[in-house]
Amino acid sequence: MIDMHAHWRPAELADALRARTREPRIVRNQDGVEVLKSPRMSEEALTSAFDQVDFHLGRMDRQAVRMSVLSLLGSFCWIESQPLEVSARLCQIVNDRLSAICQEHPGRFAAYAALPLTDMSASAAELERALGLPGMIGAQLPGNAFLTRRDAEAMRPLLDVANRHGARPGDAFPRVTGDTDNARRRNGTLDMQASLSSVMVTLCLTDYLASYPDAMIHVHNLGGNIPYEVERMDHRSLLDTPDEELPSSRFRKARVYVDCNSFGPRAIEAAVALYGADRIVCGTDGTEFGCDWTRKALAEAQIGQEAREQILNGNAAAMLARVARTAQREGAAA
């Protein structure tokens, strides 16, 4: 398996979190245990908040994951929303460490960069820098940035960089506070999936990506609920705009990849029927439970062995090879 959706929890940011005076930050709870506190998440013990590379490699070996593509865990993405004088330094720390991990363990890791998103010029400059580092293949971007075509216009400087490098910009940010009933269910499922559905409509049903033929886009979690909702979209399209190409056809043709993180066999079957097996990659959130879940879902999905192998390995291998070829050409030109 190549795992395209493996979150990394960076120990290098611990001191920055301890120094903060407001959440998210690291504090000691009433039992004296250091915890990560965030306004939208329950307290997380620091002992479980950071991955050690050797531990991660052991999990990969046990689960026959030959490569993981690392990206910053959502609870740490606050660094990207800080003022530039704070976020630029912290994002560089993250990206330099991710690249170092890739160099220390050749062939086992690649990574998406973190970017200082409050300043788009600085973000583009950091993406340009990061893509010059070994192992960096793109950037993780918030799904909220692509909810509508108008929202997505602000992201064009990053797509320009990604297009030049043949790279992938790649999460939706929670909108429900922790004191809401069923906050985790609402954040992690309802709101996130609805946001990702809107992202797919922006990317696939508009011409936004027309200017970026060499950029590869990877959306988490089967692209939201689109595989389940597309039949209703087609129905509404036939009623409202019968002369337009059906949404199902446009989703199928779009140059957008999705991962199957956290979904079961029936959802994977629906996604294969809509997008095609060649547009789906593996995702596990970088955990042993997630890896077991994804493997079991793929084993039970009625999609055929060829499609299963494409999703487990073939599609991601082709994507990563394409990024490597682009880097080689740029190196030769330099």
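Tutor: In this text a helix is a DSSP run of H or I with at least four residues, and helices are numbered from the N terminus. The model you are looking at is predicted.

Student: Where does α7 run, and how many residues does it have?

Tutor: Helix α7 covers residues 183–204, which makes 22 residues. From its first C-alpha to its last it reaches 30 Å, close to the 32 Å expected at 1.5 Å a residue.

Student: At which residue does α7 bend?

Tutor: The bend is at M192, and it is about 35°.

Student: How do I read burial in α7, and which residues are buried?

Tutor: A residue counts as buried when its relative accessible area is under 20%. In α7 the buried residues include A183, N187, D191, Q193, M200, L203 and C204. What the buried residues of α7 pack against includes α5 (149–152), β9 (217–219), α8 (226–240) and α10 (265–275).

Student: Why is Q193 called buried?

Tutor: Q193 is called buried because its relative accessible area is 5%, and the cut-off is under 20%.

Student: What does Q193 contact, leaving aside its neighbours within four places in sequence?

Tutor: Q193 is in contact with N221, G224, N225 and F263. For G224 there is a polar detail: its backbone oxygen lies 3.2 Å from a polar atom of the Q193 side chain.

Student: N221 is on that list. Where is N221, and is it buried or exposed?

Tutor: N221 sits in the loop between β9 and α8. It is buried, at 5% relative accessibility.

Student: What should I look for in the phi of N221?

Tutor: Most residues other than glycine have a negative phi. N221 is not a glycine, yet its phi is positive, near 55°. A64 is another such case: it is not a glycine and has a positive phi of about 55°. A64 lies in the loop between α2 (53–62) and β5 (67–72). A64 is partly exposed, with a relative accessible area of 48%.

Student: How do I read a nonpolar core?

Tutor: Nonpolar side chains tend to be buried together in soluble globular proteins. Here the largest nonpolar core has 87 residues. Those with the most contacts inside it are F146, M155, L159, M200, L203, V219 and V256. Another core, of 14 residues, lies apart from it, and I2, M4, Y257 and V323 are among its members.

Student: Take L203. What does L203 touch, not counting residues up to four places away in sequence?

Tutor: L203 touches F146, Y208, L209, I217, V219 and V256.

Student: Why does the pair of F289 and W293 count as tilted?

Tutor: Their planes are at 40°, so the pair is tilted, and the ring centres are 5.9 Å apart. F289 and W293 both lie in helix α11 (residues 288–300), four residues apart, about one turn of the helix.

Student: Which residues does Y228 contact, apart from its neighbours within four places in sequence?

Tutor: Y228 is in contact with R266 and A267. Y228 is found in helix α8 and is partly exposed, with a relative accessible area of 49%. The C-alpha atoms of Y228 and I280, 52 residues apart along the chain, are separated by 16 Å.

Notes. Residues are numbered from 1 along each chain as its sequence is written. This is a predicted model: local features need pLDDT of at least 70, side-chain atom pairs count only at pLDDT 80 or more; totals for chains, interfaces and linings use all residues. Side-chain values use heavy atoms; hydrogens and water are left out. Helices (H or I, at least four residues) and strands (E, at least two) are DSSP runs, numbered from the N terminus. The expected span of a helix is 1.5 Å times one less than its number of residues. The bend at a residue is the angle between axes fitted to the seven residues ending there and the seven starting there. Buried means under 20% relative accessible area, exposed over 50%, partly exposed in between (1.4 Å probe, protein chains only). Contact means heavy atoms within 4.5 Å. A polar contact is a pair of N or O atoms within 3.5 Å; within protein, one must be able to donate a hydrogen and the other to accept it, and residues adjacent in sequence count only if both atoms are side-chain atoms. A nonpolar core is a set of buried Ala, Val, Leu, Ile, Met, Phe, Trp, Tyr and Cys residues joined through side-chain atoms within 4.5 Å. Rings of Phe, Tyr and Trp (its six-membered ring) pair if their centres lie within 6.5 Å; planes under 30 degrees apart count as stacked, over 60 as edge-to-face and the rest as tilted.
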